[in-house]
Amino acid sequence: MTEPDVLDASALAEIEGMLSTLSRQFTEAGFEPVQPAHLFPAETLLDLYGEDIRGRAFLFPDPAHGDEMCLRPDFTVPVAMAHGTRGWERAGRYSYQGPVFRQQEAGITRPIEYLQAGIEDFGDRDEADADCRIFRIIHHGLDALSAPPHSTTIGDLGIVFALLDALEMPEGRRHQLRRHIWRPARFHDLLARFGRPPPDPSPRRSELLAAVAEDRFEEILADAGEVMGLRSPLSIRDRARTLLARSADPVMPEECVRLIEAVLDLECPADHAPQRLADLSVSGGADIAAALDTLSRRLDALAGAGFDLSAIAYDAAFGRKLEYYDGFVFEVVAKDWPSGIPLAGGGRYNTITARLGAETPRPAVGGIIRPEAVREARAQWR
């Protein structure tokens, strides 16, 4: 494990100055300072994160309540939870700063504890305007910290979801693909599998599927004797029913597989993205006009705020590690910096507001800056 850095007085003063600068900027922009707790019930928190963060969370037993606690791996979900207690029907803008905690794999030199300073915006129904506001404030924050030359990548998971909804396919297949959009390897494996005939089942599985189809599951179960493992007989039956239903699904047309892969493979300057995506979707027979209009309005807002869209990269597959993102996403990295640690990032996460208790998904978007990463990149650039 990498030993945590010990900051000397000069470095500590520099970091404190950076945090003070960001705090002032965020407050002047109308974001209320808040400070979530360090520890949260693990079940509540980790259900909303992707596998990447779930596997790197620090968990601790809570003997008093018999549950596990989790050191916050970021601020977004804790701030969203706090906003929900005030009422999801309300609008709210919040700023925060402090440490977050993530385990690192062996050989990875990234810190397990580092600072985030960020903002979250809830309830603004003009999503293009709110996305642009977050993007602009985060970039202005980097400018205020004298960040070295950097590049920005954006994506839009809403395009991918719209494409899956627009294509004709069995609903169970659509659900599987939507569920695994944040797990790229699994997603592409599923897509490849759907595009070819299924392999013949083993004799034992064939017998089980036939029994389920003929409503003879209990008979097969009785002949099997003692059930081994943790799955209940009802769970086995339900899984067999799902497999039986899927076995009747047609092979996904090759042009459909190619279209999904082509959209996810698209990387281009942001100003080219709407037309490139339109060309792909029209040629593939998928109507994603509404999602493309949302993307275009957001890009128009960014251009109106003074951003050069030709200098911003669009990556259709970007943002597929954190499961709470479901729309616009962005990341800022220092140019010519080999460590690859982002300086800033953020995105839209409407869906998790419903999972946290809102009656329907509420507009939610946020962004963070990593002051220590900015300081390190700035020092190397000099």
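This is a predicted model: local features need pLDDT of at least 70, side-chain atom pairs count only at pLDDT 80 or more; totals for chains, interfaces and linings use all residues.
Which residues do ring pairs link into a cluster? That was my starting point today. I found Trp88, Tyr94, Phe122, Tyr324, Tyr325 and Tyr349 linked into a cluster by ring pairs.

**Entry 1: the whole chain**

I began with the overall picture. I counted 16 helices and 12 strands in the chain. Of the 382 residues, 46% are buried. The chain exposes about 19300 Å², and carbon and sulfur atoms supply 52% of that area. I also looked up how far the contacts reach along the sequence. Among contacts between residues at least 6 apart in sequence, 70% join residues at least 24 apart.

**Entry 2: ring pairs**

Next I went back to the rings. I got 11 aromatic pairs in the structure. A reminder for reading them: a pair of aromatic rings is described by how far apart the centres are and by the angle of the planes.

I looked at Phe161 and Trp182. Their ring centres are 5.6 Å apart and their planes are at 55°, so I wrote this pair down as tilted. Phe161 sits in helix α6 (residues 157-166) and Trp182 in the loop between α7 (171-179) and α8 (184-194), so the pair links distant parts of the chain, 21 residues apart. Are these two buried or exposed? Phe161 has 9% relative accessibility and counts as buried. Trp182, at 16%, counts as buried too, because the cut-off for buried is under 20%.

Then I took Tyr324 and Tyr349 from the cluster. Their ring centres are 5.9 Å apart with planes at 75°, so this pair is edge-to-face. Tyr324 lies in the loop between β9 (313-315) and β10, while Tyr349 lies in the loop between β11 (344-348) and α15 (351-355), so the pair ties together parts that are 25 residues apart in sequence. Tyr324 is buried at 2% relative accessible area, and Tyr349 is buried at 1%.

**Entry 3: Phe122**

Phe122 counts as buried, with 2% relative accessibility. What does Phe122 touch, not counting residues up to four places away in sequence? I listed Val79, Ala80, His83, Trp88, Arg90, Ala91, Gly92, Tyr94, Tyr349, Pro363 and Ala364. Tyr349 is 227 residues from Phe122 along the chain, yet their C-alpha atoms are separated by 9.9 Å.

Val79, Ala80 and His83 from the Phe122 list sent me to helix α4 (residues 76-86). This helix is mostly covered, with 8 of its 11 residues buried. I noted the buried ones as Thr76, Val77, Pro78, Val79, Ala80, Met81, His83 and Gly84. After α4 comes Gly87, with a positive phi near 120°.

Phe75 lies in the loop between β4 (67-71) and α4. At 0% relative accessibility, Phe75 counts as buried. Setting aside neighbours within four places in sequence, I found Phe75 in contact with Gln35, Pro36, Tyr96, Gln97, Gly98, Pro99, Val100 and Gln116. Gln35 is 40 residues from Phe75 in sequence, and their C-alpha atoms are 9.1 Å apart in space.

**Entry 4: helix α16**

Where on α16 are its buried residues? For α16 (residues 371-381) I have Pro371, Ala373, Val374, Ala377 and Arg378 as buried. They are on the same side of the helix, because they cover an arc of only 160° around the axis. Their cover includes α1 (9-28), β6 (113-122), α5 (127-144), β10 (328-334) and β12 (364-369).

**Entry 5: charges over rings, and the core**

I looked for charges over rings as well. Arg370 lies over the face of Tyr114, 3.8 Å from the ring centre. The charged end of Arg173 sits over the ring of Phe194, 4.6 Å from its centre.

Arg173 and Phe194 turned up again when I checked Met252. Leaving out neighbours within four places in sequence, Met252 is in contact with Met169, Arg173, Leu177, Leu191, Phe194, Gly195, Val257 and Ile260. Met252 belongs to the largest nonpolar core, which has 96 residues. The residues with the most contacts inside that core are Ile154, Ile159, Leu177, Met252, Ile260 and Tyr314.

**Entry 6: Thr353**

Thr353 lies in helix α15 and counts as buried at 0% relative accessibility. Apart from neighbours within four places in sequence, I found Thr353 in contact with Trp88, Ala358, Thr360, Pro361, Arg362 and Ala364. Trp88 is also one of the residues in the ring cluster I started from.

Conventions: Residues are numbered from 1 along each chain as its sequence is written. Side-chain values use heavy atoms; hydrogens and water are left out. Buried means under 20% relative accessible area, exposed over 50%, partly exposed in between (1.4 Å probe, protein chains only). Helices (H or I, at least four residues) and strands (E, at least two) are DSSP runs, numbered from the N terminus. The arc is that of the directions from the helix axis to the C-beta atoms. Contact means heavy atoms within 4.5 Å. Rings of Phe, Tyr and Trp (its six-membered ring) pair if their centres lie within 6.5 Å; planes under 30 degrees apart count as stacked, over 60 as edge-to-face and the rest as tilted. A charge sits over a ring if NZ of Lys or CZ of Arg is within 6 Å of the ring centre and within 35 degrees of the ring normal. Accessible areas come from the Shrake-Rupley method with a 1.4 Å probe; for residues, only the protein chains shown count as cover. A nonpolar core is a set of buried Ala, Val, Leu, Ile, Met, Phe, Trp, Tyr and Cys residues joined through side-chain atoms within 4.5 Å.
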